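Please keep the sequence and the coordinates at hand while reading.

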Amino acid sequence: MKLSVLRQILGRILMIEALFMILPLIVGIIYREPSNNLLAFGVTIGLLLCIGLIMSRGQINQDFIGIKEGFAIVSLSWILLSFFGGLPFVFSGEIPSLVDAFFETSSGFTTTGASVLVDVEAMSQSMLFWRSFTHLIGGMGILVFALAVLPKTGQGSVHIMAAEVPGPTFGKLVPKLHVTARILYKIYLGMTVVLILLLILCGMGPFDAMIHAFGAAGTGGFSNKIASAGHFNSAAVDYVLGIAMIVFGVNFDLYYLISIGRWREALESEELRSFLKIIGVACVLIMLLLAPKYSSFSRLLRDVFFTVSSIISTTGYATVDFDLWPLFTHYILLILMFIGSCAGSTAGGLKVSRVLILFKSGLGEVKRVLSPHRVMVVTKDKRPVKRETIQSAHMYLTLYIAVFGFSLLLVTLDAPDFMTAFSAVAATLNNIGPGLAAVGPTKSFAFFSDFSKVVLSFTMIIGRLEILPMLILFSPSTWTKR
């Protein structure tokens, strides 16, 4: 492990976070907020710049960034970003507890959307903006952004981006990695701007539109309203947000293919088709179960479509309290929580492509047992899947179950009931936000002890980084010198 490289890159990441905080500071000035709010951001910006400048001294040699360095950089970046990102809440007094602030900011950067706030509407505009802006930053990834704007990147940057971009495999869109990062961010930010404009056309004010667009784009789900997206009681808003959550849950590589005219290749994606089929089947099943409770089909379709889109995209916006729905619908929603959206999107969960690989390889093993001499090949998009990719998917599932079980064990120490503990871990590890029971869509995580909040905060980061980059920090070999 080259600690000097680690120190230098972490320092640059902290300075980038300082620059991001200028935006909520401007929001505070525009809304003429009290000086303690402006000072909270000003002090944090100064602190980040000082620490960042000290840490980033020297010239970074990208050739020294191997797999261990890449994973460590990503993991430590997300922890530091969440810690320092929570300081404005603490300094302003709007979230006085450092643990609560760390939880809230971890939830923001990881695009989870779980919250410890009971009355979100009591917060100032600048803090609400920063809280939701972390979704936009974390959605595509802060290190992907850094790779897009840093003037020099080398081969070692591949390990950084591979550790942060979700999914079983990672591939560059173009030969140069920093160009790939820029393409992804241009598509991501362009789509976000379009979503903001659509929400304004639907009747939202500009500030509300930005807050909810950031949440949908990052598939995070923070709202500035207690009733979440349901506050607006607008069919247009519900459908625009519902479609947007699905759109941002699609692999961004496909949007690049569309942008260069390869429409057919994008639309023939097996993962995309499976993703849309899962959404359709889930909507139909839940609608059949809820039909007797609704007098209006249009309202039924609207509520179910929005909820399914929100859960499978791991966004967490809510227009209805689905905790009051029949038990079987909870089972369907839990399955959607675990599946999640597509690899290479801003969403969480296991990812549809990984689920497809696991399902096909499992089915292939059954067929192999029945026909020992039959050669079974797992395919995706009509191409054979590498054995290493299949093994990686199985390894990830094993680690996922282990992390889930251990986190659940710790959270049950002070959870009021098993469903609350189970859905809280499911909602944080899969970066969804709301769960069921005491952490349902109309409730918060505020009742948990500081210990459980810290556990769930790290569960969110582990889920966002897909486990391995965080686990590698605890390996002694990671810190040995080459």
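Cys50 is partly exposed, since its relative accessible area is 49%, and in this predicted model the residue lies in helix α3, which covers residues 35–55. Although Cys50 and Leu14 are 36 residues apart in sequence, their C-alpha atoms are 9.4 Å apart in space.

Ile73, by contrast, is buried, with a relative accessible area of 0%, and its place is in helix α4, residues 67–85. A separation of 400 residues along the chain lies between Ile73 and Leu473, yet the C-alpha atoms of the two are separated by 9.9 Å.

Helix α1, made up of residues 3–20, reaches 26 Å from its first C-alpha to its last, which is close to the 26 Å expected for its 18 residues at 1.5 Å a residue. Of these 18 residues, 13 are buried, so α1 is largely enclosed by the rest of the structure.

Which residues of α18 are buried? They are Val352, Ser353, Arg354, Leu356, Ile357, Leu358, Ser361 and Gly364, and what covers the buried residues of α18 includes the helices α15, α17 (327–339) and α19 (387–411) together with the strand β1 (379–380).

**Two helix pairs**

Two packed helices are described by the angle between their axes and the distance between the axes. These values are tabulated below for two pairs.

| Pair | Angle | Distance between axes |
|---|---|---|
| α15 (residues 270–290) and α16 (residues 297–312) | about 135° | 9 Å |
| α19 and α21 (residues 450–464) | about 165° | 9 Å |

With the packing angle at about 135°, α15 and α16 are therefore oblique to each other, and their crossing is right-handed. On the α15 side the contact is made by Phe275, Ile278, Ile279, Ala282, Cys283, Ile286, Met287 and Leu290, and on the α16 side by Phe297, Leu300, Leu301, Val304, Phe305, Val308 and Ile312. By class, the residues of this contact between α15 and α16 comprise 15 nonpolar, no polar and no charged.

For the second pair, the angle of about 165° between α19 and α21 makes α19 roughly antiparallel to α21, while the crossing in which α19 passes α21 is left-handed. Here Val403, Ser407, Leu410 and Val411 of α19 meet Phe451, Ser452, Val455, Leu456, Thr459 and Ile462 of α21, and the residues of the contact of α19 with α21 divide into 7 nonpolar, 3 polar and no charged.

**Positive phi in two loops**

Most residues other than glycine have a negative phi. Thr111, however, has a positive phi of about 55° although it is not a glycine; its place is in the loop between α6 (98–109) and α7 (125–140). Is Thr111 buried or exposed? Its relative accessibility is 1%, so Thr111 counts as buried, the cut-off for that class being under 20%.

Ile467 is likewise a residue other than glycine with a positive phi, in its case near 75°, and is found in the loop between α21 and α22 (468–471). With a relative accessible area of 0%, Ile467 is buried.

How values were computed. Residues numbered from 1 in each chain as written. Predicted model: local features only at pLDDT ≥ 70, side-chain atom pairs only at ≥ 80, totals over all residues. Heavy atoms only, no water. Helix = DSSP H or I, 4+ residues; strand = E, 2+ residues; numbered from the N terminus. Expected span 1.5 Å × (residues − 1). Buried < 20%, exposed > 50% of the residue type's maximum accessible area, 1.4 Å probe, protein only. Axes fitted to C-alpha atoms, helices over the stretch in contact; angles between N-to-C directions. Parallel < 35°, antiparallel > 145°, perpendicular 65-115°, else oblique. Left-handed = near helix turned anticlockwise from the far one by under 90°. Contact = heavy atoms within 4.5 Å. Nonpolar A, V, L, I, M, F, W, Y, C, P; charged D, E, K, R; others polar.
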